[in-house]
Amino acid sequence: MAVVRVVAAVLSLSLLAGCGPAAEAGSRADAITVKNCGIDVTVNGPPKRVFAAYQPAIEMAHALGISDRLVGTAYLDAQVLPEYAAAQAKAKYFKNLPSREELLSQNPDFVLSGFNDVFSAGGSDSSFGSRKSLADLGVRTWIFSPLCPTADGKGDEAIDPATVSMDNVYADLRDLGRLFGVEDRAESVIADQQRRIAAVGNAVKNAPRPTVAIIRPALEGGGLTVSGGPDFGTVLIRQAGGVNAFADLTSKRNVKISVEEFIKRDPDYVLISGCCDAAMTAASSQPDVDKLLANPAYANLKAVRNRHVIPWLFANHSAGVRGAYTTENLAHILHPDLVK
């Protein structure tokens with residue numbers, strides 16, 4: 001009997017979503033269509049019930065000024081930037097990603113995701129299902145363009161490193177600005193990002209470019225997990241006047257390497273990427289910094305000898321409206337005499 005009730009509930013949600021305004025998208029002459037990761041996203045009017053999954057999407061929604069349209073937010077990696085704190089405090093929040101059924105129970109007409117795995121076709125508990133399956137129910141979707149997979153339902157292994165750029169962040173802002181009817185707000189956010197990043201670029205343009213490694217604190221099987229070429233950290237490090245020590249590893253964003261390989265590359269700076277809690281700050285990673293500094297295996301690393309092992313946040317190297325903030329923050333770490 002319980003199974004029958006669950007199936008009936010899911011069918012009801014599907015019918016509700018399918019009969020909503022979003023299901024008719026594209027039927028009117030004034031419909032707006034933009035392409036995202038190879039998929040046409042069409043709306044007849046600004047979406048009114050938006051669900052934002054992951055930090056980049058949540059902060060993007062607040063930056064675009066659509067906080068009052070959020071029917072739910074999920075899975076923050078850290079505290080939101082201070083300018084979004086008040087808006088986020090009013091938003092409904094799921095500590096973990098909701099199931100597909102929980103998502104649909106919020107009756108969204110648009111799902112904005114900061115990462116592509118939430119639309120994986122693998123059927124995991126944290127997946128909302130493929131974008132096509134949601135579109136069939138009248139729910140439009142968006143993946144941040146720097147993480148475009150080669151096809152709907154694909155994961156990190158399918159990301160093209162060439163898509164990983166601030167230009168694609170700006171393209172997202174413009175396209176979402178059109179869809180949500182907030183073009184002027186989007187252009188203002190873009191102009192602010194460009195101005196601040198350009199200021200850092202001018203400050204560090206003649207400075208030496210130290211190598212930087214972003215690592216996850218958890219040791220897995222005796223190795224380390226580092227941010228490779230497709231990770232947005234590569235872009236941010238470059239903008240801040242540095243070089244990702246592992247940019248040549250392009251199989252996926254997070255790459256497992258041996259301790260020996262890490263020591264061989266001997267990066268000038270090591271950023272400990274802390275995650276994942278809505279209350280997390282960079283200081284939360286300090287115990288992991290202390291652990292690495294005390295490990296005799298790393299005693300001869302330049303970053304250890306120079307005390308250039310820094311507590312940091314996973315949220316800082318995600319593609320989105322943190323681009324300017326992280327570029328400034330990281331440039332100050334790498335070039336404190338040039339960027340205050």
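Val 212 sits in strand E8, which covers residues 211-220. Please keep in mind as we go that this is a predicted model. Val 212 has a relative accessible area of 0%, so it counts as buried, the cut-off being under 20%. What does Val 212 touch, once residues up to four places away in sequence are not counted? The list is Ile 237, Val 243, Asn 244, Ala 245, Pro 267, Tyr 269, Leu 271 and Leu 334.

Gln 193 belongs to helix H7, residues 183-204. With a relative accessible area of 4%, Gln 193 is buried, because that value is under 20%. A polar atom of the Gln 193 side chain lies 2.9 Å from the backbone oxygen of Val 321. Val 321 is also among the contacts of Gln 193 beyond four places in sequence, together with Met 166, Tyr 170, Gly 320, Gly 323 and Ala 324.

In H10, residues 286-294, the buried residues include Val 289, Leu 292 and Leu 293. If you look down the axis of H10, its buried residues fall within an arc of 100 degrees, so they line one face of the helix. On the face turned away from that buried side you will find the exposed residues Pro 287, Lys 291 and Ala 294.

Next comes Arg 131, in helix H5, which spans residues 131-135. Is Arg 131 buried or exposed? Its relative accessibility is 2%, and because that is under 20%, Arg 131 counts as buried. Leaving aside neighbours within four places in sequence, Arg 131 is in contact with Asn 36, Cys 37, Ile 39, Val 41, Phe 119, Thr 141, Trp 142, Ile 143 and Asp 152.

E7 pairs with E6 in the parallel sense, over four bridges. Thr 141 is the bridge partner of Val 111.

The cysteine is Cys 37, which a disulfide joins to Cys 148 with a sulfur-to-sulfur distance of 2.0 Å. The torsion about their S-S bond is about -85 degrees, so this disulfide is left-handed. The pair links distant parts of the chain, 111 residues apart: Cys 37 lies in the loop between strands E1 and E2, and Cys 148 in the loop between strand E7 and helix H6. Cys 148 counts as buried, at 14% relative accessibility.

How many disulfides does the structure hold? There are two. Cys 275 and Cys 276 form a disulfide as well, with their sulfur atoms 1.6 Å apart. The link of Cys 275 and Cys 276 is right-handed, with 95 degrees about the S-S bond. Cys 275 is partly exposed at 23% relative accessibility, and Cys 276 is partly exposed at 32%. Counting bonded cysteines along the chain, the disulfide pattern is 1-2, 3-4.

Our last stop is the aromatic rings, of which the structure holds eight pairs. In the pair of Phe 51 and Phe 94, the ring centres are 5.7 Å apart and the planes are at 50 degrees, so the pair is tilted. Phe 51 lies in strand E3 and Phe 94 in strand E5, so the pair ties together parts that are 43 residues apart in sequence. Phe 51 and Phe 94 are both buried. Phe 51 also pairs with Phe 128: the ring centres are 6.1 Å apart and the planes at 85 degrees, so this pair is edge-to-face. Here, too, distant parts of the chain are linked, with Phe 128 in the loop between E6 and H5, 77 residues from Phe 51. Both Phe 51 and Phe 128 are buried. Elsewhere, Tyr 54, Tyr 75, Phe 115 and Phe 314 form one aromatic cluster.

Notes: Residues are numbered from 1 along each chain as its sequence is written. This is a predicted model: local features need pLDDT of at least 70, side-chain atom pairs count only at pLDDT 80 or more; totals for chains, interfaces and linings use all residues. Side-chain values use heavy atoms; hydrogens and water are left out. Helices (H or I, at least four residues) and strands (E, at least two) are DSSP runs, numbered from the N terminus. Buried means under 20% relative accessible area, exposed over 50%, partly exposed in between (1.4 Å probe, protein chains only). Contact means heavy atoms within 4.5 Å. Rings of Phe, Tyr and Trp (its six-membered ring) pair if their centres lie within 6.5 Å; planes under 30 degrees apart count as stacked, over 60 as edge-to-face and the rest as tilted. The arc is that of the directions from the helix axis to the C-beta atoms. A disulfide is a pair of cysteine sulfur atoms within 2.5 Å. Two strands pair if DSSP finds at least two bridges between them. A polar contact is a pair of N or O atoms within 3.5 Å; within protein, one must be able to donate a hydrogen and the other to accept it, and residues adjacent in sequence count only if both atoms are side-chain atoms.
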